[in-house]
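Please read the points below with the sequence and the coordinates open side by side.

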Amino acid sequence: MSELSSEAMESEFGTVAGWTEEAVRALGPEHAVPAGCRGSGSEGALRWLADALAVRPGQRMLDSGAGVGGPAGWLAAARGVRPVCAEPMAEAVHASRVLFGLPSVVALSQALPFRDGSFDAAWCLGVVCTTEEKAELLAELRRVLVPGGPLGLLVFAAVGPLRPPLPEGNSFPTPDELDALLTGAGFTVTATATVDLSDSPPEWQERADAVDAEVERRHGTDPRWAEAQEQSRRVGRLIGEGVLEPRLIAAR
């Protein structure tokens with residue numbers, strides 16, 4: 001199974017990405033980062049990862065599975081790094097280029113079109129659970145990093161029995177499985193944290209909500225919008241039940 005293997009996931013990460021770009025352009029650029037980070041990191045999570053990875057201005061950093069580019073856009077503005085985005089959905093790649101002016105390529109995280117040692121650092125947010133090819137994904141990230149280069153992850157880890165209905169196309173690793181995968185790819189974990197994905201500043205939530213409202217106004221009758229919303233609700237329910245845990249990981 002590869003990333004975005006279900007129609008619901010294609011709606012969530014592809015079609016809705018294009019609609020998000022459209023809504024942000026209508027509402028204003030200040031909405032881009034909050035909307036682009038929804039589901040892939042709060043402001044607090046991004047700050048924790050940037051600190052844990054010790055990123056520095058001018059470094060070349062890969063955002064693998066970048067979506068519409070919100071976290072990479074935040075990183076460029078807040079830390080002065082030079083992000084490159086890789087993302088399998090063409091609509092999301094277009095959005096990251098338009099909304100943030102970021103160099104972006106259409107590519108799966110487990111088949112990256114970059115030379116060995118191309119990046120000083122990398123992060124991959126909310127992507128590990130979207131593929132069964134987890135070992136290949138982590139091996140690719142190890143390959144494109146300079147020796148000893150840091151990796152940041154946001155992973156939704158299964159810490160208890162997951163009650164159906166589950167979000168389509170996802171495969172949530174247990175903490176033990178994740179540790180084994182990282183070790184197998186040659187990474188050593190240097191820091192971990194459990195994250196509250198609702199800890200962004202109030203204006204982030206307000207702007208992200210405004211973008212969602214604009215997308216719903218324009219496309220709310222499209223069944224793909226309902227599919228994407230249902231995916232998000234299922235993830236939120238599992239997190240609320242305490243059986244799915246958003247975890248931040250820094251490794252080298």
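Not counting residues up to four places away in sequence, which residues does Val16 touch?

1. Val16 touches Ser11, Trp225 and Ala228, once residues up to four places away in sequence are set aside, where contact means heavy atoms within 4.5 Å. This is a predicted model, in which local features need pLDDT of at least 70 and side-chain atom pairs count only at pLDDT 80 or more, while totals for chains, interfaces and linings use all residues. Residues are numbered from 1 along each chain as its sequence is written, and side-chain values use heavy atoms, with hydrogens and water left out.

2. Val16 is found in helix α1, residues 7–27 (helices are DSSP runs of H or I with at least four residues, numbered from the N terminus). With a relative accessible area of 11%, Val16 is buried (under 20% relative accessible area, with exposed over 50% and partly exposed in between, for a 1.4 Å probe and protein chains only). The C-alpha atoms of Val16 and Glu91 are separated by 8.5 Å, although these residues are 75 apart along the chain.

3. In helix α3, which spans residues 43–53, the buried residues include Glu43, Gly44, Ala45, Leu46, Leu49, Ala50 and Leu53. Just after α3, Ala54 takes a positive phi of about 55°.

4. One aromatic pair is found in a search of the whole structure (ring centres of Phe, Tyr or Trp, the last by its six-membered ring, within 6.5 Å; planes under 30 degrees apart count as stacked, over 60 as edge-to-face and the rest as tilted). The ring centres of Phe114 and Phe119 are 5.0 Å apart and their planes stand at 85°, so the pair is edge-to-face. Phe114 counts as buried at 13% relative accessibility, and Phe119 counts as buried at 0%.

How values were computed
Helix = DSSP H or I, 4+ residues; strand = E, 2+ residues; numbered from the N terminus.
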